[in-house]
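Please consult the sequence and the model shown here alongside the text.

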Amino acid sequence: MGIGDGVVVGHAKILDNGSDGDRWNLTILSEGYQDAELAQFHLHALELVSALNATTPFAGLLSAINVHRVDIASTNSGADDPTTCGGTGATADTFLDATFCGGGVRRDLLVVDSNLAVSTAFAQVINTHAIIVLVNSPVYGGSGTSGTGVGVAVCSLHPDAFDIALHELGHSAFGLADEYDCVAGAQTLYSGPEPVEPNITIEGSLAANKWRHLVDPSTAMPTMSNEDCDCSGLPSPVPAGTVGAFEGAAYCHCGLYRGEFGCKMRNLKQPFCAVCDDTINAVLFPFFP
Ligand SMILES: [Zn+2]
């Protein structure tokens, strides 16, 4: 298991917008690709850059970003898929030890040895700011860890993989919280302090809300309340794209607000909301040419 189950073959800069010292560097690692499959990884990494270029706000920020690819050849192809979570029971000897069912509860929680991912990325690209690990498996899954220093986003090759990667990058590189509330095990009422994440808040009033600079003064605040504190799936009371305070976020049905009705941090198929856009912009702004 692990570092003995593969070898770093090399690296390449696949989006070059200038010196690494001046740009925000995204480093993509291959995981669960055998040596003969690395040509496929090269294509998958380019497809990920295309997905980035097709996603707001990255589309307008790309000149601030360099993207690097690190080629790691693993002994076996794929990832572990334990039966504990309903997986196939497949096992694979891979460099970063990728496995579904991380933590033993959900099959779609696809995790890797994130410390090894970070040290491997930095050994090849010293200026790395964010890491995405592409796992060579078609099974749906991903994860994002912010940890200390540079965060690690993980995704598979499922058709939704790049939406997963961008959602996980939201966590790992930009410190965004999940904005969904209706998942198994979710709590109903949030009663803690103001969260540190920039895209969720306990403050539904305009005066106290932390993204009030994005809210039109004519928008009701809070904009949508979940008075029954449940998963009833209320429709939005305002047109899509309206910024306000919508109750339900971060696994809590009430007591926490998000900035728009829809967002990629709530639903993979949605664009990032204006609050998340604003956060991503703020992180990347210093790296503009
Ligand atoms: Zn958002």
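Predicted model: local features only at pLDDT ≥ 70, side-chain atom pairs only at ≥ 80, totals over all residues.

## Zinc site

Four residues coordinate the zinc ion: Glu179 through OE, and Cys263, Cys273 and Cys276 through SG, at 2.0 to 2.3 Å. The angles among the four donor atoms run from 97 to 123 degrees, and the site is tetrahedral. Along the sequence, the donor residues follow the spacing E-x83-C-x9-C-x2-C. Cys263 is located in the loop between β9 (252-258) and α4 (274-284), whereas Cys276 belongs to helix α4, so this pair ties together parts 13 residues apart in sequence.

Cys263 has 0% relative accessibility and therefore counts as buried, the cut-off being under 20%. Cys276 is likewise buried, at 0% relative accessibility.

## Largest pocket

The largest pocket has a volume of about 490 Å³. It is lined by 21 residues, of which Arg106, Asp108, His167, Glu168 and Tyr180 are the closest to its centre. Because domain 1 (3-173) and domain 2 (177-271) both contribute lining residues, the largest pocket lies between them.

At least two residues of this lining come from each of β5 (142-145) and α3 (161-172); α3 provides the largest share, with four residues. By class, the lining comprises nine nonpolar, seven polar and five charged residues.

## Second largest pocket

The second largest pocket holds about 170 Å³ of space. Its lining is formed by Tyr180, Asp181, Cys182, Phe261, Gly262, Arg266, Asn267 and Gln270. Three of these lining residues are nonpolar, three polar and two charged.

Methods
Residues numbered from 1 in each chain as written. Heavy atoms only, no water. Donors = N, O, S within 2.8 Å, 3.2 Å for Na, K, Ca; no water. Tetrahedral: all angles 85-135°; square planar, octahedral: opposite > 155°, others 65-115°. Buried < 20%, exposed > 50% of the residue type's maximum accessible area, 1.4 Å probe, protein only. 1 Å grid on protein atoms, 1.4 Å probe; cavity = no way out; pocket = protein on both sides within 12 Å on 5 of 7 lines; lining within 4 Å. Points joined across faces, edges and corners; volume = space filled by probe spheres on them. Nonpolar A, V, L, I, M, F, W, Y, C, P; charged D, E, K, R; others polar. Domains from an automatic or database assignment.
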